[in-house]
Amino acid sequence: MNIIVFGATGGVGQSVVKQAVESGFEVTAFVRTPTKLQVTHENLTVVQGDAFNTAEVSAAIAGHDAVVSCLGSSQGMKQSTELQEMTKNIVIGMEDHGVKRIVYTASAGVHNELTGVSGKLIMKMLKNPLIDHRAATDLIQEHGLTFTIVRPMGLTNGAFTGQYKEATTGVPDKSKSIPRADVAHFIVKALSDAQYENASVGISS
């Protein structure tokens, strides 16, 4: 499978690139700053570009079987539409080139699914990024793409375990934060497994 990864220099993105090439995928990393990418491999192609540039995004998507988005907003917790703007460009590019499959990394809380006092506090704290992620995921679904929405709990830089819980509604019971490398493992797995098509999956340790 030939995939393109947006947000490839972030914590999850770097792990996706590394695990995907090691699993035999042909991978294109679309990055603004190639020197930030810490992965080298014969199956890896690096394309320098700006996810806010519609033409650059579309050109990069051509010839791929699937898209992975690990994009984040540069605005942190501030109000922003960056994620939906970049996702709109990805959707346009996918439609331009007949690419149907996308795995989009959002966050737990994007569907207002966190319960209890702590869940409500988390969603309040993440209010602005969650609004932006929700707009991006809505765009993907409105355009009839074959999607997997990934909703990880809090991310850590912990070591890869390959052991995590999944839930297609809400989040897993007794959810704990999850290593970025495990999120990447799920993303790579979901690309090749039809059970994750048109699904939104909460994952946690």
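Student: How do the residues lining the largest pocket divide into nonpolar, polar and charged?

Tutor: In this predicted model, where local features need pLDDT of at least 70, side-chain atom pairs count only at pLDDT 80 or more, and totals for chains, interfaces and linings use all residues, the lining of the largest pocket has 21 nonpolar, 17 polar and 6 charged residues. Residues are numbered from 1 along each chain as its sequence is written, and side-chain values use heavy atoms, without hydrogens or water. Ala, Val, Leu, Ile, Met, Phe, Trp, Tyr, Cys and Pro count as nonpolar, Asp, Glu, Lys and Arg as charged, and the others, Gly among them, as polar.

Student: Which residues lie nearest the centre of the largest pocket, and which elements supply its lining?

Tutor: The largest pocket is lined by 44 residues, and C70, L71, G72, S73 and L83 lie nearest its centre. Helix α1 (11–22), strand β2 (26–31), helix α3 and helix α5 (127–142) each give at least two residues to that lining.

Student: Why is α2 called oblique to α3?

Tutor: Helix α2 (residues 54–61) and helix α3 (residues 82–97) pack at about 45°, with their axes 8 Å apart. Angles under 35 degrees count as roughly parallel, over 145 as roughly antiparallel, 65 to 115 as roughly perpendicular and the rest as oblique, so α2 is oblique to α3.

Student: How do you know which residues of α2 meet α3?

Tutor: Contact means heavy atoms within 4.5 Å, and T54, V57, S58, A59 and I61 in α2 meet N89, I90, I92, G93, M94, D96 and H97 in α3. The residues of this contact divide into 6 nonpolar, 5 polar and 1 charged.

Student: What makes α1 oblique to α6?

Tutor: Helix α1 and helix α6 (residues 180–191) pack at an angle of about 50°, their axes being 8 Å apart, and therefore α1 is oblique to α6. In α1, G11, V12, S15, V16, Q19 and A20 meet R180, A181, V183, A184, H185, I187 and V188 in α6, a contact with 8 nonpolar, 4 polar and 1 charged residues.

Student: Why is α3 described as roughly parallel to α5?

Tutor: The axes of α3 and α5 come within 8 Å and cross at roughly 15°, which means that α3 is roughly parallel to α5. Across this pair, E82, L83, Q84, T87, K88 and V91 in α3 meet P129, D132, H133, A135, A136, L139 and I140 in α5, and the residues of the contact divide into 7 nonpolar, 3 polar and 3 charged.

Technical notes: Axes are lines fitted to C-alpha atoms, for helices over the stretch in contact, and angles run from 0 to 180 degrees between N-to-C directions. Helices (H or I, at least four residues) and strands (E, at least two) are DSSP runs, numbered from the N terminus. On a 1 Å grid over the protein atoms alone, a cavity is a set of points where a 1.4 Å probe fits but cannot get out, and a pocket is an open set with protein on both sides within 12 Å along at least five of seven lines; lining residues have an atom within 4 Å of a point.
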